[in-house]
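Morning, everyone. Please bring up the model on your screens, and I'll walk you through it.

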Amino acid sequence: MEWTTVETADGAKLSVRLFKPAAPVEDAEDVAVVLVHPYTILGGVQGLLRGMAQGLAERGHRAVTFDMRGAGRSTGRASLTGSSEVGDVVAVCRWVADTLKPRSVLLVGSSAGAPIAGSAVDKVDQVVGYVSIGYPFGLMASILFGRHHDAILKSEKPKLFIMGTKDGFTSVKQLQNKIKSAAGRVDTHLIEGAGHFQMEGPAFDTQMVDLIVNFIKSLPK
């Protein structure tokens, strides 16, 4: 793995970590995966995504994690609603596209990282799809993140929403009601009995990697 720094359009310097496959993996698509960590204000940092990134590299995908502004080693200040952080995601995706030159990029957002990533999906041409892990669609969370909903729901790019059936921020019904209006291809995967914060833990890393890799394989070539 390698560390680097990516500068955003407004001057924040982001700490970025690249996970590479140790050796080529047969049948692996040349799709790089950018992972967006949970809410900085509640302690979200890129280290929470390390297990998933390592798992994706083992399956043949270059995976990138980074600290959003105000998290970990990155400069700048976190915003309450994740509005400034959309620019962080865009900057990292553009760096991946220009520097690593994969065929395409998949965006994965965990918890509050999901709405932030969703707002960036259509801002970078090389992004071909989106995976959300525990998107906070519920009423209380929507006070903070509701401004992000339209961007991902109106995007024509393929989307996969992964959620635990015991998610404390979003009920299964709330998820289903939200995605009814979504454009393009929309897949959901419900994990029976899993809570919101459980899914951020290492116990689910392997399952998340499987779901992400299978979603990549299903995307148009």
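First, the ground rules. This is a predicted model, where local features need pLDDT of at least 70, side-chain atom pairs count only at pLDDT 80 or more, and totals for chains, interfaces and linings use all residues. Residues are numbered from 1 along each chain as its sequence is written, and side-chain values use heavy atoms, with hydrogens and water left out.

Start with the cores. A nonpolar core here is a set of buried Ala, Val, Leu, Ile, Met, Phe, Trp, Tyr and Cys residues joined through side-chain atoms within 4.5 Å. Buried means under 20% relative accessible area, exposed means over 50%, and partly exposed is in between, with a 1.4 Å probe and protein chains only. The largest core has 39 residues. Which members touch the most others? Val34, Val64, Phe66, Val96 and Leu107. Helix H2, residues 83-100, gives the largest share of this core, at nine residues. Helices (H or I, at least four residues) and strands (E, at least two) are DSSP runs, numbered from the N terminus. Another core lies apart from that one; it holds 28 residues, including Leu49, Ile212, Val213 and Ile216.

Look at Val34 itself. Contact means heavy atoms within 4.5 Å. Leaving aside neighbours within four places in sequence, Val34 contacts Val64, Phe66, Val92, Cys93, Val96, Val105, Leu106, Leu107 and Val108.

Now H2. Its 18 residues reach 26 Å from first C-alpha to last, close to the 26 Å expected at 1.5 Å a residue. That expected span is 1.5 Å times one less than the number of residues. Buried residues of H2 include Val92, Cys93, Trp95 and Val96, but also Glu85 and Asp88. Just after H2, Lys101 takes a positive phi of about 50°.

Helix H7 covers residues 205-218. Its 14 residues should span 20 Å, and its end C-alpha atoms are 20 Å apart, which agrees. Asp205, Met208, Val209, Leu211, Ile212, Val213, Phe215 and Ile216 are buried in H7. What do they pack against? Strand S3, helix H1 (50-58), and strands S5, S6 (127-133), S7 (159-166) and S8 (186-195).

Ile162 is buried, at 1% relative accessible area. Leaving aside neighbours within four places in sequence, its contacts include Val131, Ile133, His189 and Ile191, plus Met208 and Leu211.

Back to backbone angles. Most residues other than glycine have a negative phi. Asp27 has phi near 70°, a positive value. Asp27 sits in the loop between strand S2 (13-19) and strand S3 (31-36). Ser111 also has a positive phi, near 55°, in the loop between strand S5 (104-110) and helix H3 (113-120). Buried or exposed? Asp27 counts as exposed because its relative accessibility is 63%; Ser111 counts as buried because its value is 9%.

On a 1 Å grid over the protein atoms alone, a cavity is a set of points where a 1.4 Å probe fits but cannot get out, and lining residues have an atom within 4 Å of a point. Grid points are joined across faces, edges and corners, and a volume is the space filled by probe spheres set on the points. The whole structure has one cavity of 30 Å³ or more.

Note on methods. 1 Å grid on protein atoms, 1.4 Å probe; cavity = no way out; pocket = protein on both sides within 12 Å on 5 of 7 lines; lining within 4 Å.
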